[in-house]
Amino acid sequence: MSSQNNNLKRRPLVVGNWKLNGNQSGNQQLVAAIVAQRQAEQYAEVALCPPYVYMTQVAEHLHGAAVKLGAQDASAYAQGAYTGEVSAAMLADIGCQYVIVGHSERRHYFGESNEQVAQKFIAVQAAGLTPILCVGESLDDRDSGHALSTIAYQVEAVLAQAGLDAFAQAVIAYEPIWAVGTGRIASPQQVEEVHHYIRQLLGEYGDRIRILYGGSVKPDNAGPTFALPDVDGALIGGASLIAEDFVAICQQADAKH
Ligand code: PGA
């Protein structure tokens, strides 16, 4: 089940996660510079996830472009008295296609449990959008030999609530917490081991699902990661705020063709 065979070719996906960054004028420049370098015939698919408040602004700039719109999170609830929440249906309404769920920063700074992440995953799919489910171990987990069991626990929590068939329309991002925003990318061996393992957890969807790597991906280290058979692109934080760097990473994903 490891590498992809030719009838199951997975199109690479590169997603920019802006996190809590941006302002209207900066966004406009950043998006314009990225859009100018991306055409529909390029192999990798590209999506940008701005903060909620800027999503309509970015959607306007992406109109007719080969770059898609994503969100950094979504409510587990569909509607009602949930102050401060944004539903997946609202995101769909403004042209969003992908939604990150269970990012390690949501899990750790905002206390999201595996069960809440699973509820969000389900809510995103119910609105017709594609969840990008983030999983990843802490440094303690890795040092104590529990990296794979942590990943299994996180994936199985979603499997238990959403069911295996939900993974027909989902993306997974493996983001070791110790590599996110630290400048320390996981080694090719570590990445390949986890991606291969996740495919084994997903039965008949294992060969089909796109699994991205995330954590300190930069133009100068993306190549060897993208060359791995079980890596289908990346979730990019810091480098997605610099048009030149982000575009260079996308071009390395195009080369996976
Ligand atoms: P980073 O963030 O690229 O800045 O490490 C990745 C992420 O959090 O998705």
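Predicted model: local features only at pLDDT ≥ 70, side-chain atom pairs only at ≥ 80, totals over all residues.
**Ligand shell and a tyrosine pair**

Reader: Which atom of Gly-181 lies 2.6 Å from an oxygen atom of the ligand, side-chain or backbone?

Author: His-103 places a polar side-chain atom 2.7 Å from a ligand oxygen atom. Glu-175 also uses a polar side-chain atom, at 2.6 Å from an oxygen atom of the ligand. For Gly-181, the polar atom at 2.6 Å from a ligand oxygen belongs to the backbone.

Reader: How much of the area that the ligand exposes alone does the protein bury?

Author: The ligand sits in the second largest pocket. Taken alone, the ligand exposes 280 Å². Of that area, the protein buries 96%.

Reader: Why is the pair of Tyr-77 and Tyr-82 stacked?

Author: The structure holds three aromatic pairs. In the pair of Tyr-77 and Tyr-82, the ring centres are 3.8 Å apart. Planes under 30 degrees apart count as stacked. The planes of Tyr-77 and Tyr-82 meet that condition, so the pair is stacked, at 5 degrees.

Reader: What does Tyr-77 count as at 43% relative accessibility?

Author: Buried means under 20% relative accessible area and exposed means over 50%, with partly exposed in between. Tyr-82, at 36%, counts as partly exposed. Tyr-77, at 43%, counts as partly exposed.

Key
Residues numbered from 1 in each chain as written. Heavy atoms only, no water. Polar contact = N/O pair within 3.5 Å; in protein donor to acceptor, adjacent residues only side chain to side chain. Areas by Shrake-Rupley, 256 points an atom, 1.4 Å probe, with all protein chains shown as cover. 1 Å grid on protein atoms, 1.4 Å probe; cavity = no way out; pocket = protein on both sides within 12 Å on 5 of 7 lines; lining within 4 Å. Sits in = over half its atoms within 2 Å of the grid points. Phe/Tyr/Trp six-rings, centres within 6.5 Å; stacked < 30°, edge-to-face > 60°. Buried < 20%, exposed > 50% of the residue type's maximum accessible area, 1.4 Å probe, protein only.
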